[in-house]
There are 2 protein chains.
Amino acid sequence: MKKTIVFFLISLAAILMHTTLFAQKHPLAFATANDIALVKKSIPTNPLLKESFDEIKKSVDANLGKDIDVPVPKHAGGGYTHDKHKDNYTIMFNSGMLYQLTGDVKYAKLVKDLFFKYAVLNPTLKNHPEATSSSPGRIFWQALNDANWLVYAGLAFDLIHDYLTPAERAQIATGAFKPEVDYFTKDITPWFDLIHNHAVWATAGVGIVGIATDNDDYVQMALYGSKKDGKAGLTAHLDGLFSPDGYYNEGPYYTRYAVLPFYLFANAVNHYKPSLQIFERRNKILKQALEGALEQTNLDGGFYSYNDALKEKTFVSNEVVVALNIAWDVYGENPAYLPVAKAQGRVTLSKGGLGVSQALLKNKNIAPFYPYKSVVFTDGAKGDFGGVTVLRTGKDKNLTSLIFKYSSHGLSHGHYDKLNINLYDNGNEVLQDYGAARFIGIEQKWGGRYLPETKSYAQQTIAHNTVTVDETSHFNGVEAQSEKYHPIPLYNVVGNYAVQATAALDSNAYKDVKLHRSVYLITLPGTQKPLMVDFFRTLASKEHQYDLPFNYMGNLISTNFKYATHGNALQTLGLKNGYQHIWKEASANVKSPLTQFTFLNNQTFYTISGFVKDSVQVFFTRTGANDPNFNLRRESSYITRTRAKNMFALNVLEIHGNFNATSEFTTNAYSRVSSVLPVVDTDDYSGAEVVIDGKHLMVFQSNKIFDNKKIHQLIINGKAYNWQGPFVVYLENKKL
Amino acid sequence: MKKTIVFFLISLAAILMHTTLFAQKHPLAFATANDIALVKKSIPTNPLLKESFDEIKKSVDANLGKDIDVPVPKHAGGGYTHDKHKDNYTIMFNSGMLYQLTGDVKYAKLVKDLFFKYAVLNPTLKNHPEATSSSPGRIFWQALNDANWLVYAGLAFDLIHDYLTPAERAQIATGAFKPEVDYFTKDITPWFDLIHNHAVWATAGVGIVGIATDNDDYVQMALYGSKKDGKAGLTAHLDGLFSPDGYYNEGPYYTRYAVLPFYLFANAVNHYKPSLQIFERRNKILKQALEGALEQTNLDGGFYSYNDALKEKTFVSNEVVVALNIAWDVYGENPAYLPVAKAQGRVTLSKGGLGVSQALLKNKNIAPFYPYKSVVFTDGAKGDFGGVTVLRTGKDKNLTSLIFKYSSHGLSHGHYDKLNINLYDNGNEVLQDYGAARFIGIEQKWGGRYLPETKSYAQQTIAHNTVTVDETSHFNGVEAQSEKYHPIPLYNVVGNYAVQATAALDSNAYKDVKLHRSVYLITLPGTQKPLMVDFFRTLASKEHQYDLPFNYMGNLISTNFKYATHGNALQTLGLKNGYQHIWKEASANVKSPLTQFTFLNNQTFYTISGFVKDSVQVFFTRTGANDPNFNLRRESSYITRTRAKNMFALNVLEIHGNFNATSEFTTNAYSRVSSVLPVVDTDDYSGAEVVIDGKHLMVFQSNKIFDNKKIHQLIINGKAYNWQGPFVVYLENKKL
């Protein structure tokens with residue numbers, strides 16, 4: 001007992017010093033006293049706010065009067081101590097909110113009691129027994145989760161700040177917070193100072209604790225890095241983790257994750273030091289980040305699953321609720337957010353949440369979906385590290401979205417997927433990115449961590465709708481190599497045009513092979529659904545094997561070629577680089593000139609028509625080989641294998657017809673394409689003729705000059721084609 | 001021309017004779033003039049009715065003024081001529097309705113013009129060029145579709161009856177209808193006189209045409225069979241195709257299909273000859289049939305997929321809309337139907353449709369789901385051919401439904417699935433029946449017909465959650481054999497009890513082996529989700545191989561035993577009887593005493609804990625082997641293989657926990673069962689002890705005496721267990 005008191009007195013002195021210098025009126029980290037008063041007044045008359053309040057109250061009330069366990073850390077993700085500590089920080093934050101909103105001290109006491117237990121536990125902690133990552137945690141198996149704890153515990157402390165006596169505050173600051181903050185800022189400083197989503201959480205945690213405990217030293221480290229030199233911390237993250245248009249290097253799934261600490265911390269900083277104008281930084285980069293993430297969702301809210309991503313995650317997740325509600329407050333009302341807010345069905349108990357809930361009440365005609373449009377994202381802090389283009393056509397439920405990825409690697413969650421495409425249509429994923437192999441939060445599945453198959457399959461090139469050369473992944477699957485390079489965007493024409501286009505060149509994924517892909521989304525007159533014309537050129541000095549998969553989702557309906565199924569015994573497609581996880585279900589050798597493959601995804605047919613120069617091998621495959629723990633989904637692919645020096649893969653994807661099992665009516669189940677032929681393929685130009693419904697569609701592109709002003713002329717079969725800019729599309733001799 | 005006129009005159013005389021005797025006021029087949037007047041008046045003020053009207057009007061208006069094609073039959077299901085003729089009869093009926101509802105003769109003329117084309121075409125038709133079935137069609141590839149045509153064309157004729165001149169009526173009756181009716185009633189009489197769903201359509205077609213064309217001869221054949229002796233026709237179908245409680249021999253998927261012609265024809269008969277009281281027949285058997293079908297749906301409206309069934313079909317299909325709307329009219333308002341009607345979102349333009357739409361408008365608090373309850377269906381016209389039991393617990397979204405099938409075969413759409421179980425939970429299919437392999441209406445997939453894999457896999461025993469002996473299907477897969485027999489129900493205790501039970505004995509599926517299965521659905525005090533305890537006994541004279549699959553849907557999470565995956569090369573589980581379609585993904589040899597297997601289906605965990613006597617083989621499998629046209633889905637199974645003379649398979653299925661990827665919270669991911677042991681297994685009694693959460697659950701059953709009054713006593717480990725009736729369940733020495 002004596003020892004504790006001595007310890008306490010020393011710490012109190014340290015805390016009081018900071019308190020004197022930077023005294024603030026609390027709460028201010030999550031919401032100010034004024035915000036709280038507004039929300040409190042509105043709860044009785046605002047159903048959504050009341051629902052959110054009731055939900056929180058119900059969850060906290062169930063814990064009142066209980067001796068809540070603060071266990072010695074033992075289990076990995078999904079296990080008891082992991083979930084308990086996660087549960088605890090949620091309860092602490094929620095109970096703190098209830099204290100503010102009801103004034104009932106029982107809620108403050110619940111938080112205080114838990115803090116006292118952590119004040120006893122935390123000083124005793126060493127690395128977590130299940131720690132396997134390079135940044136081990138203490139309360140949790142990885143430091144990232146400890147950062148989560150700091151964020152919410154910091155917010156909770158701020159909410160009950162005025163309920164605590166100065167001595168109690170010091171006791172908690174010293175016992176519960178200091179060991180964690182010191183661990184982050186002194187022991188694993190390199191991790192804390194990274195420009196990476198983990199560090200975003202870490203700085204948010206330290207910063208929010210600083211604001212809550214009136215410790216400006218913490219705040220400065222959180223804003224500017226452990227050395228306070230601006231090379232790390234929130235400001236460096238805002239400047240370095242997003243491209244100028246808000247694209248987040250790890251992709252939309254992780255943008256979702258990162259926006260939460262960004263918004264929570266920025267919000268707290270904004271209350272703490274409004275003069276910093278943190279939300280205005282870099283042309284409102286946090287607004288762009290949020291909207292960039294929303295723009296990269298499917299109609300059901302699911303984030304595009306490129307890079308490591310779990311398909312179950314949608315924009316109804318808590319992170320996006322919080323960010324959207326804060327954005328509503330700091331950036332002003334935005335009707336585009338309302339379909340998302342409506343799907344979320346809950347709001348934060350803050351000024352922004354109040355605003356959103358009022359707007360949802362007031363607006364009788366909320367659009368069914370976020371106002372998705374075609375969009376070009378640059379990657380890299382300066383916007384010069386490639387990017388991602390989303391070509392779109394169609395309205396509401398009929399939206400077609402084609403994603404073309406030529407961004408940089410995406411840190412540890414990046415995949416070897418240069419020039420990959422993905423297709424979503426009518427709200428369904430049609431040409432998929434596998435995402436990651438992981439059962440988040442399920443302890444039996446390796447503690448909820450990323451599973452080994454993420455690396456051995458999901459990240460490999462063959463798992464993507466792009467070319468694998470010689471059964472070897474891009475950059476030989478070496479992250480450090482891949483991080484160095486990015487493809488070069490050649491042109492992007494997006495918007496409400498009959499022809500939208502995107503093209504990029506990669507010169508680094510393979511030593512001997514350049515990859516040049518151009519994708520055209522063409523809406524023919526009088527048709528609803530677009531046609532995709534896909535030019536994939538490889539440029540090499542010698543012959544290689546080129547595998548181009550279309551990871552289709554759906555049922556094989558028909559092919560224009562015979563194939564042999566390997567009905568009695570399955571073999572894998574290869575031995576490594578992801579190939580070892582792929583079963584060959586069927587194989588074919590197809591001779592010139594055309595492959596056609598029709599599949600059904602939900603109620604829509606899709607046909608891929610591909611030109612065949614001499615002959616190609618075709619494989620129908622299924623994932624699941626060498627999967628000792630059943631970690632992989634069983635997914636299908638249609639892979640075309642070409643041996644050539646330079647390949648010119650020319651594929652046309654049609655979206656057609658309708659299958660209605662309920663009414664038993666099927667329309668347009670057959671492809672309208674009768675021929676796909678290259679008409680030119682030189683260093684300077686590539687061009688194709690597609691015959692569809694008997695009409696001739698000609699697509700030409702320049703392979704070298706992408707200037708919008710440049711005039712080109714090609715003479716094909718005695719006929720002259722003239723155009724300006726990098727490409728042109730003709731239908732029956734008329735430019736589209 | 002001359003020839004046609006002569007032909008016409010003769011026929012006219014024949015028609016006029018009938019007309020004189022049985023003149024009726026038209027319309028009356030689908031709706032009476034009074035009904036039409038009511039509907040017409042209500043359309044402007046009733047949104048749902050108006051929507052249905054507008055939809056029909058839009059579809060018909062698009063065809064006005066066009067020369068609609070009535071092509072010479074050529075294609076199978078999904079092909080042009082197939083879909084065109086289907087489209088035509090729909091347009092004819094809808095346009096007839098519009099004529100009645102608007103009085104605009106352009107709609108009547110559209111119908112008449114089409115009829116004139118059919119009057120030219122139909123007399124020329126021989127068997128359809130794509131006819132492959134034993135009952136070939138003429139307009140379509142199978143006679144069944146011709147029957148569909150007759151039904152709708154008959155209804156359409158009735159609707160424009162008064163618009164046509166007597167000569168026009170005769171021309172259509174003779175040209176369009178007579179060749180089809182004669183073909184049915186004279187050429188393929190055995191088919192017309194079957195007690196089978198095809199014949200239900202056939203008689204409805206002939207009967208409705210009879211009513212529409214004032215031809216009572218047709219009506220009599222339709223009501224009583226081609227010989228008018230009552231051994232066939234509608235009356236025989238009503239008496240013979242349903243069990244006394246409305247179970248339809250082919251299962252709920254086909255009940256859906258059959259209710260349409262039943263209701264349409266009965267409705268027409270009811271208007272034509274109310275004195276027959278056709279809807280009252282057999283204690284309102286048609287009401288019971290409809291409700292039996294609804295009772296056998298999942299929360300999403302999907303029909304239980306046992307027997308040949310396509311999972312895409314739900315109760316929103318047109319057949320059920322029509323039947324439900326007529327039932328509302330003839331059997332009176334029923335709030336239980338409203339959740340179904342609401343999901344259907346459309347009504348027929350009839351008195352019943354009007355009533356349903358008004359009820360939907362009026363009722364502000366429609367229940368979210370049909371009022372599902374536990375239910376026992378008997379099979380067979382007398383209710384003595386086995387049956388199907390559905391054990392249920394939980395409300396609304398939390399509904400758990402366990403289906404136990406001990407019915408007779410189910411005609412040509414039956415499977416070899418004696419004592420099969422299926423599980424639906426929280427609206428998801430968890431232990432599945434594969435259903436049928438078919439892409440209905442997709443021409444490329446064998447003309448939309450049942451695919452060969454329906455017979456070679458989906459109907460075989462190994463595709464089901466029941467025992468396959470010696471890799472041979474029940475009745476050796478011979479339909480004629482299977483049709484002869486049915487299991488014997490032993491007891492059914494269903495309702496709002498802590499323990500629900502169902503048990504049956506099959507003595508015919510195998511020559512040497514009796515199959516005895518008892519399933520207990522136990523709700524332990526203080527728990528939400530039930531526990532399934534499954535006793536599967538086999539009784540034989542010599543040793544056999546017993547395979548018991550659980551065709552689980554979801555992801556393998558964990559097992560308590562080690563297994564080897566066949567990661568580099570897959571082999572099939574066997575060579576025939578469905579085994580040739582199954583890949584062995586993993587195998588294990590598990591020693592006594594316990595297998596545990598946990599999987600995740602959506603957000604819920606399921607664990608199957610099985611007692612192992614000495615050792616068992618376990619296989620994790622996947623369908624898709626020997627599937628040359630990619631007709632099969634890739635589905636998983638967990639199969640336990642036992643070699644024994646008499647097997648006592650003792651399995652406990654737990655439903656537990658929650659996985660929420662959005663919030664990243666996982667609860668109760670682990671099984672609570674620590675031990676499953678048989679405590680008695682004699683000719684007279686079987687019993688098991690299950691330790692769950694440290695508590696002892698004892699389940700005892702009599703294997704021979706199922707009398708509810710009989711008192712039993714068992715002494716186990718010196719402790720006496722006394723009970724009355726066929727079984728008892730104790731928890732910690734207290735009877736449940």
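Mentor: The bounds of a domain are taken from an automatic or database domain assignment. By that assignment chain A has domain 1 (2-310) and domain 2 (375-735). Their centres, taken over C-alpha atoms, are 42 Å apart. The model is predicted: local features need pLDDT of at least 70, side-chain atom pairs count only at pLDDT 80 or more, and totals for chains, interfaces and linings use all residues. Residues are numbered from 1 along each chain as its sequence is written, while chains are lettered from A and ligands numbered from 1 in the order in which they are written.

Trainee: What makes residues of domain 1 and domain 2 of chain A count as being in contact?

Mentor: Two residues are in contact if their C-beta atoms, placed from the backbone, lie within 7 Å. By this rule 31 residues of domain 1 of chain A touch 40 residues of domain 2 of chain A. On the domain 1 side, α11 (233-240) and α13 (281-295) of chain A each give at least two residues. Helices here are DSSP runs of H or I with at least four residues, strands are E runs of at least two, and both are numbered from the N terminus.

Trainee: Which classes do the residues on the domain 1 side of chain A fall into?

Mentor: They divide into 10 nonpolar, 14 polar and 7 charged. Nonpolar covers Ala, Val, Leu, Ile, Met, Phe, Trp, Tyr, Cys and Pro; charged covers Asp, Glu, Lys and Arg; the others, Gly among them, are polar.

Trainee: Why are α6(A) and α9(A) called roughly parallel?

Mentor: Helix α6 (residues 143-160) and helix α9 (residues 197-212) of chain A have axes that come within 8 Å and cross at roughly 25 degrees. Axes are lines fitted to C-alpha atoms, for helices over the stretch in contact, and angles run from 0 to 180 degrees between N-to-C directions. Angles under 35 degrees count as roughly parallel, over 145 as roughly antiparallel, 65 to 115 as roughly perpendicular and the rest as oblique. α6(A) and α9(A) are therefore roughly parallel to each other.

Trainee: Which residue classes make up the contact of α6(A) with α9(A)?

Mentor: The contact holds 15 nonpolar, 4 polar and 1 charged.

Trainee: How do you know that β9 and β10 of chain B pair?

Mentor: Two strands pair if DSSP finds at least two bridges between them. Strand β9 (residues 514-522) and strand β10 (residues 531-539) of chain B are joined by 9 bridges and run antiparallel. B:Ile522 faces B:Leu531 in β10(B). Both strands belong to an open sheet of 8 strands in chain B, ordered β7-β8-β9-β10-β20-β17-β16-β12, with antiparallel pairing.

Trainee: What makes β7 and β12 of chain B edge strands?

Mentor: β7 (488-493) and β12 (555-559) of chain B each have a single partner strand, so one side of each has no neighbour in the sheet.

Trainee: How many residues does each chain give to the contact of chain B with chain A?

Mentor: Chain B gives 42 residues and chain A gives 42 residues. On the chain B side, β12, β14 (569-571) and β22 (665-667) give two or more residues, and β12(B) has the largest share, 4 residues.

Trainee: What makes β14 of chain A and β14(B) a pair?

Mentor: Strand β14 (residues 569-571) of chain A and β14(B) share 3 bridges in the antiparallel sense. A:Ala569 stands opposite B:Gln571 there.
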